Amino acid sequence: MTEDGPVRRAKGPGDDRPVGRRIVLGMLGLGALGTAFGAPVQNEVDNVLARVSSKDPSGLISLLPGGGGFRFYNVSASIPRFSAAGYRLTVDGLVERPASYTLDQLTAMPRTRLVRDVQCVSGWRVPQTPFTGVLLSRLLDASGVRPGARALRFTCFDGVYSESLALEQARRPDMMVAYQMDDRPLSAAHGAPLRLYAAPMYFYKSAKWLSGITVTDRVEPGYWEHLGYAIDGWVGKSNGRNDAPTG
Ligand SMILES: Nc1nc2c(c(=O)[nH]1)N[C@H]1C(S)=C(S)[C@@H](COP(=O)(O)O)O[C@H]1N2
Ligand SMILES: [Mo]
């Protein structure tokens, strides 16, 4: 990949940069391996896709298994490694009962499946993508929100990304933590094993590799929000864009 120069970080939540020809060819090679040998290699494909993070002037990425019209974003330098067995989602802060969920516990909870369009603030849109997971309102009710709570802060096990939602936004029936996308377990690049899925908002709100939810007394702006993107990231009503709603 060095022939193409260093892979720099995105300047905005959808600022793309060209993927050099060598990288695209490299990805196609991995894609072929993925077809031949199955899932473990798919993780490698996802890793490469995520590392080159984004621009696909050739349109070839969408041909790769798992590509599916999505662009891959990662503000950190690599994809966090995880083991499904060791995974925990913590819920703490202004709650009566702090919690730490295993993936098995989350998948055993009542599940919600939503099928909406995905809209990135940079313009790309993926139609009608199923996400399955647990509503944030269920996690909040399970832990018991204390008086004075106003917002949620989301942290990620990449150690860099963060997000936020106001409490009343988080309680909506289209705000969840998701462990499936396209009716399959999340891939590493898409945030495995668990990501936020904020269906009515631009996709930067949907923090990947989710590690913690902290209930707070005020909204604490997330990674991109510190850099000027809307905290209330409603699709079509924020960030100076007029996209159609995702629902
Ligand atoms: N942890 C983490 N979550 C993240 C991001 C990121 O860089 N790191 N990028 C955001 C942005 S800008 C978008 S558009 C979506 C992209 O999700 P995808 O890579 O599954 O397509 O993830 C969002 N969540
Ligand atoms: Mo984005």
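**Figure 1. The largest nonpolar core of the predicted model comprises 37 residues.** In this predicted model, Leu-89, Leu-136, Leu-139 and Ile-213 are the residues with the most contacts inside that core. At least two core residues come from each of strand 1 (89-93), helix 3 (103-108), helix 4 (136-143), strand 5 (151-156), helix 5 (167-170), strand 7 (175-181), strand 9 and strand 10. Leaving aside residues up to four places away in sequence, Leu-139 touches Leu-89, Tyr-101, Leu-106, Met-109, Val-134, Val-177 and Ile-213. Another core, of 17 residues, lies apart from the largest one and includes Phe-70, Trp-124, Met-181 and Ala-192.

**Figure 2. Phe-131 and Phe-203 form one of 9 aromatic pairs.** The ring centres of Phe-131 and Phe-203 are 6.3 Å apart and the planes meet at 65 degrees; because edge-to-face applies to angles over 60 degrees, the pair falls in that class. Phe-131 belongs to strand 4 (residues 125-135), whereas Phe-203 is in the loop between strand 9 (195-198) and strand 10 (210-216), so the pair ties together parts 72 residues apart in sequence. Phe-131 is buried, at 0% relative accessible area, and Phe-203 is buried at 11%. Ring pairs also join these two residues with Tyr-73, Trp-124 and Tyr-197 in a cluster.

**Figure 3. Tyr-223 and Trp-224 make an edge-to-face aromatic pair.** The two rings lie 5.0 Å apart, centre to centre, with 90 degrees between their planes. Trp-224 is buried, having a relative accessible area of 4%.

Figure 4. The closest N and O atoms of Arg-113 and Asp-183 are 2.9 Å apart. The whole structure contains 9 salt bridges.

**Figure 5. Arg-125 pairs with Asp-117, and Arg-241 with Asp-243, in salt bridges.** The closest N and O atoms are 3.0 Å apart between Arg-125 and Asp-117. Arg-125 is partly exposed, with a relative accessible area of 29%, while Asp-117 is buried at 14%. Between Arg-241 and Asp-243 the N to O distance is 2.7 Å. Arg-241 is partly exposed at 25% relative accessibility, whereas Asp-243 is buried at 16%. Elsewhere, salt bridges with shared partners connect Glu-163, Lys-205 and Glu-225 in one network.

Key. Residues numbered from 1 in each chain as written. Chains lettered and ligands numbered in written order. Predicted model: local features only at pLDDT ≥ 70, side-chain atom pairs only at ≥ 80, totals over all residues. Heavy atoms only, no water. Phe/Tyr/Trp six-rings, centres within 6.5 Å; stacked < 30°, edge-to-face > 60°. Helix = DSSP H or I, 4+ residues; strand = E, 2+ residues; numbered from the N terminus. Buried < 20%, exposed > 50% of the residue type's maximum accessible area, 1.4 Å probe, protein only. Core = buried A, V, L, I, M, F, W, Y, C linked by side-chain atoms within 4.5 Å. Contact = heavy atoms within 4.5 Å. Salt bridge = Lys/Arg side-chain N within 4 Å of Asp/Glu carboxyl O.
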